[in-house]
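Here's a quick briefing for anyone about to set this model up for a calculation. Have a look at the structure first, then go through the notes below.

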Amino acid sequence: MTKPSLPDLLHAAVSAVGGTERPGQVAMAEAVGEAIDDNSHRLIQAGTGTGKSLGYLVPALAHGERVVVATATLALQRQLVERDLPRTVEALHPQLRRRPQFAMLKGRSNYLCLHRLHEGAPQDEEEGLFDQFEAATPTSKLGKDLLRLRDWADETETGDRDDLTPGVSDKAWAQISVSSRECLGATKCAYGAECFAEAARERAKLADVVVTNHALLAIDAIEGAPVLPQHEVLIVDEAHELVSRVTGVATGELTPGQVNRAVKRAAKLVDEKSADSLQTASESFERVMELALPGRLEEIPEDLGYALMALRDAARNVISAIGSTRDKSVHDEDAVRKQALAAVETIHTVAERITNGSEYDVVWYERHDRFGATLRVAPLSVSGLLREKLFEDRSVVLTSATLKLGGDFNGVAASLGLSPEGVEGDDVPVWKGLDVGSPFDYPKQGILYVAKHLATPGREGTRGDMMDELAELIEAAGGRTLGLFSSMRGAKAAAEELRGRLDNPILLQGEETLGELIKAFAADPKTCLFGTLSLWQGVDVPGPSCQLVVMDRIPFPRPDDPLMSARQKSVEEHGGNGFMAVAATHAALLMAQGAGRLVRASGDRGVVAVLDPRLATARYGSFLRATLPDFWYTTDRNQARRSLAAIDAGAQAEGK
């Protein structure tokens, strides 16, 4: 039997989901198929509306070997597993003569732990276990959540937190879940045979396509112990997020509260001398942290250095001692021991990492009004790690609507540890870039308006001229506005000011769950939605409810961001342009994502308004504009208002 052709398979899949075949989707599928066949790597930019999920799923399923698909957002994971994969598998079955299996795999703490549910959770004040259901007041929010979780445990087939609707608070979920370090292991656990996390792993081992998230992909790469099953092809969707997710997984932190909890958990399981030394080290660390001022620590202060060495040494002793001490008064000792060990090992690992002082790490203090000081350590760059761990022994396809920054792929490629396109050499993964474009006619569907007449935004203070401009634009648009702000303070200030000036309802991120806010925004065209970073890439509202997307300023990282400023400085020390490589690249990525909120369907029309004149006047402005969709460009404020009024009138005439 002849092997079915990729175009025929794609046609069958697109027909099954009721979609329209796009030239960009065909080009993408062929490029993914080539990469899989050649065991090579691709960076593929596929604009909104291309149908990129099918563009990679069809060649992946046709290939026949195991494929891992890693995404950044929960929404896309669900879409793949609940909608795209079932339909595509059925559509391809007549030609492939097989039904590839698929499964979702997440980190262990995403699954309900039956041991924790039935045996209880460690309590900080006591070192044993306690019944969290008895301890929580049934009428409290926590109590209600826990009772609902207990009922859900009897009916759920997956134990996956994301299958629980409505959801529960993080505090409630923490009572019935464990991290991989805290887990007893299936062979030692009384509930190992029924474990939801183990069942998910077993399903993944049998599946042809495993859908996971960037964080688990990072853990798999960094920690050396394989979490994902062996696979021949890796597809990273929403790949513009990968570097920040990997950085997050590779970041360690220490707080006095965390250290205190570890001391309490270990106290009953070790001899008095070991417990006392950890307690003393904990108190020294707490005293140092009380005086900590936010900012980067280019050198570790002497007092902090001594405190960390004491913590490291005391933690090491406790880890050794925990293995040999048994206390008959402790109920379910294995679980308590595992939890204590996990807490102390984390402290040892982070204290040792900071004490060893790698030139490739950045260390800084953060201060929070409510939680006090935190000590953090993060890698200066994850590019070497990604080059070494991501591109070996498999074909890798990275795709997103925003991978070309300033007109080419090399900026994103460098952050992934790749050399410029076409460069070959020993230990250099060779890759090709492909931009399959977008099915949308951006110059006809959208306008990029830069408010060139406004004052350049300063670091502090309200911008009266910006508020006036924003109010006039919203009035011209008849509402229909998504306001993207570079800080929560800016979003709040704008919402408070404009609620007093305009008749339009203004929703503010944080006043309700994101899902509810987006639903309310989509339901009423007169409504505006203001918010910060998660809105820049988390909103998908096609149609007349979102016809004006406003960015208050270019979203450069804060000058006092320790990690970003350290990365910028490092590039400069190696002869590069730190501002362009770090700050401008960060801003370009966010702006491209933000501008992508405007046109989500072929009938969408609107304006992206940037209330920061630097996009028109600064030398880096052209780099940022080259990253945005190819909208018609203007700095004429009257033109922007006339266009918005016309779009609003058109929508009203259609009764929208």
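In helix 3, the buried residues are Lys 52, Ser 53, Leu 54, Gly 55, Tyr 56, Leu 57, Val 58, Pro 59, Ala 60, Leu 61 and Ala 62. "Buried" here is under 20% relative accessible area, "exposed" is over 50%, and "partly exposed" is in between (1.4 Å probe, protein chains only). Keep in mind that this is a predicted model: local features need pLDDT of at least 70, side-chain atom pairs count only at pLDDT 80 or more, and totals for chains, interfaces and linings use all residues. Residues are numbered from 1 along each chain as its sequence is written, and side-chain values use heavy atoms, with hydrogens and water left out.

**Helix 3**

- Helix 3 is mostly covered, with 11 of its 12 residues buried.
- Helices (H or I, at least four residues) and strands (E, at least two) are DSSP runs, numbered from the N terminus.
- Helix 3 covers residues 52–63 and reaches 17 Å from its first C-alpha to its last, close to the 16 Å expected at 1.5 Å a residue; the expected span is 1.5 Å times one less than the number of residues.
- Gly 64 follows helix 3 and has a positive phi, near 95°.

- As background, most residues other than glycine have a negative phi, and most peptide bonds are trans.
- Arg 97 isn't a glycine, yet its phi is positive at about 65°. You'll find Arg 97 in the loop between helix 4 (74–96) and strand 3 (102–104), and Arg 97 is exposed, with a relative accessible area of 62%.
- Glu 238 is another residue other than glycine with a positive phi, near 50°. Glu 238 sits in the loop between strand 7 (233–236) and helix 11 (242–249), and is buried at a relative accessible area of 14%.
- The peptide bond from Thr 165 to Pro 166 is cis, with omega near -10°. Pro 166 belongs to the loop between helix 7 (141–155) and helix 8 (170–175).

**Salt bridges**

- The count comes to 33 salt bridges, each being a side-chain nitrogen of Lys or Arg within 4 Å of a carboxyl oxygen of Asp or Glu.
- Arg 78 and Asp 163 meet through their side chains in a salt bridge (3.7 Å, N to O). Arg 78 lies in helix 4 and Asp 163 in the loop between helix 7 and helix 8, so this pair ties together parts that are 85 residues apart in sequence.
- Arg 78 is partly exposed at 25% relative accessible area, and Asp 163 is partly exposed at 33%.
- Arg 161 pairs with Asp 170 in a salt bridge, with the closest N and O atoms 2.8 Å apart. Arg 161 is partly exposed at 23% relative accessibility, whereas Asp 170 is exposed at 58%.
- Asp 612 and Arg 614 form a salt bridge with the closest N and O atoms 2.7 Å apart, and both residues are buried.
- Glu 469, Glu 472, Arg 637 and Arg 641 are linked in a salt-bridge network.

**A charged patch**

- Glu 392, Asp 393, Asp 426 and Asp 427 form a negative surface patch. Patch residues have over 30% relative accessible area and no salt bridge, with like charges joined within 9 Å.
- Glu 392 is in the loop between helix 16 (383–390) and strand 12 (395–400), and is partly exposed at 47% relative accessibility.

Technical notes: Patches are made of residues with over 30% relative accessible area and no salt bridge: like charges are joined within 9 Å, nonpolar side chains (Val, Leu, Ile, Met, Phe, Trp, Tyr) within 5 Å. Accessible areas come from the Shrake-Rupley method with a 1.4 Å probe; for residues, only the protein chains shown count as cover. Lys and Arg count as positive and Asp and Glu as negative; His and the chain ends are not counted. The place of a charge is taken as NZ of Lys, CZ of Arg, CG of Asp or CD of Glu.
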